[in-house]
Amino acid sequence: MLRDKWIEVDVDAVKKNLQEVKTLLDNKARLIAVVKANAYGHGAEDIARILFQNGVEFFAVSFYYEALQLRKAGIRANILVFSPLVSEEEALESIKNQLTLTIASDNDRQLLERVGAALKTQIRVHLKIDTGLGRFGMNQEEALLVCKDIYQNEQLFIEGIYTHIADPTSPDYTLKQFQQFMQVVNCLDQEKFVIPVKHFANSAVFLSFPNMYLNAVRIGTLLSGQHPVGNYPTHLQLQDPYKFKSRIISLRTLEKGSSLGYYRTYKLKRAAQIAVIPVGFNDGLALEVANRPVGLVDMLKKLAKIVLGFFNVPRFNLYVTIKDKEYPIRGKVFMQMALVEIPYGVDINVGDEVELPVRKTLASRNVARIYVQDGQAGKIAYDEVTNYIVDEA
Ligand SMILES: *Cc1c(COP(=O)(O)O)cnc(C)c1O
């Protein structure tokens, strides 16, 4: 069966990015590979398998169900779950699958101790400290109390402690967060709470502050082949492993003045070939993250982009690539389709491959990820034997 859309993931690029990160890391700290949000769109199971087969021993995801998916995919490495668990069912599943869990409050401690005691297992946890992101985490006082309780009870083993960065574009704020974190770490240390793994850095901090590696770094963006947004001193030779592809399903010639798409937002300035591509906003095409701008300048940039796009200023169009040439998407993107203008006379056919600008973290999960190695598409082999009990719910 010929697919009408798919995401191509270049396995060699994934390996290359891992190598680049390892080179900079230089065995100074442990690598925690962050594969949350379907490994930033590349497919969590297969990306984790590739990384695991290439020596990564520690993974992290946001939610426990993302970790369970990795267990089902045969990943027998440590998997840290960033978010606290909400219910006993979640805790039970997580503990049975030997996940490494986050304690971000005394509530989390109580839940895990209760469920751990019932299962008669020790649970590996990392403490989360909030130093200025305002998401989850404890302050020093709370962390001290939680440690005292954990040491009395012995149901939990505190393997790690971490905090998360709010604004790596600001060295001052990052340093402030780091100092606050180290103050908590030192305070627990003085109270003789021994915590082996301390981690602070994400991709941006990893590039900027080698003095903040501590003994582990949490890296997602760089492994996915991108530099974090912002100016950072160190650059790695990264390769984007991701390509969103489709095929032309219809092609016809329309006259000058023909209007294109719903609400007729575009009129052809000259006769042209119009290709229909079976990819629309339902697949992630033309989607943007409509989040708060980071400041006045960012807000004006976003505004300018909308205005210039409206007046069809070429640089602000969306483009697809066919046979190494770029062609503009015209009119409003449909739910499941889009129209592309190709000049009259260009040799193009129905069935030709098209590459589309769909952001990897917004690309629909329903689109198949195809892993390509040495020019061959194939499955990532994996070891089916797993030590973990996985309840098929
Ligand atoms: C997403 C995330 C990371 C990874 O950040 P990158 O900038 O993508 O490397 C690290 N830590 C936490 C807690 C995260 O949520």
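A crossing of two helices is left-handed if the near helix is turned anticlockwise from the far one by less than a right angle, and right-handed if clockwise. The views below come from a predicted model, in which local features need pLDDT of at least 70 and side-chain atom pairs count only at pLDDT 80 or more, while totals for chains, interfaces and linings use all residues. Residues are numbered from 1 along each chain as its sequence is written, and side-chain values use heavy atoms, with hydrogens and water left out.

**View 1. Helix H7 against helix H8.**
H7 passes H8 in a right-handed crossing. Here H7 covers residues 140-153 and H8 covers residues 171-190, packed at an angle of about 30° with axes 10 Å apart. (Helices are DSSP runs of H or I, at least four residues, and strands are E runs of at least two, numbered from the N terminus; axes are lines fitted to C-alpha atoms over the stretch in contact, with angles from 0 to 180 degrees between N-to-C directions.) On the H7 side, look for Gln 140, Ala 143, Leu 144 and Cys 147; H8 answers with Gln 183, Val 184, Cys 187 and Leu 188. Contact means heavy atoms within 4.5 Å. The tally is six nonpolar, two polar and no charged residues. (Ala, Val, Leu, Ile, Met, Phe, Trp, Tyr, Cys and Pro count as nonpolar, Asp, Glu, Lys and Arg as charged, and the others, Gly among them, as polar.)

**View 2. The largest cavity.**
Its volume is about 90 Å³. (On a 1 Å grid over the protein atoms alone, a cavity is a set of points where a 1.4 Å probe fits but cannot get out; a pocket is an open set with protein on both sides within 12 Å along at least five of seven lines; lining residues have an atom within 4 Å of a point. Volume is the space filled by probe spheres set on the points, which are joined across faces, edges and corners.) Helices H2 (36-40) and H3 (44-53) each give at least two lining residues. The lining also includes Val 14, Gly 220 and Pro 241.

Helix H1 (11-25) and strand E2 (30-34) each bring at least two residues to the lining. Among the lining residues are Lys 22, Arg 30, Glu 57 and Phe 58.
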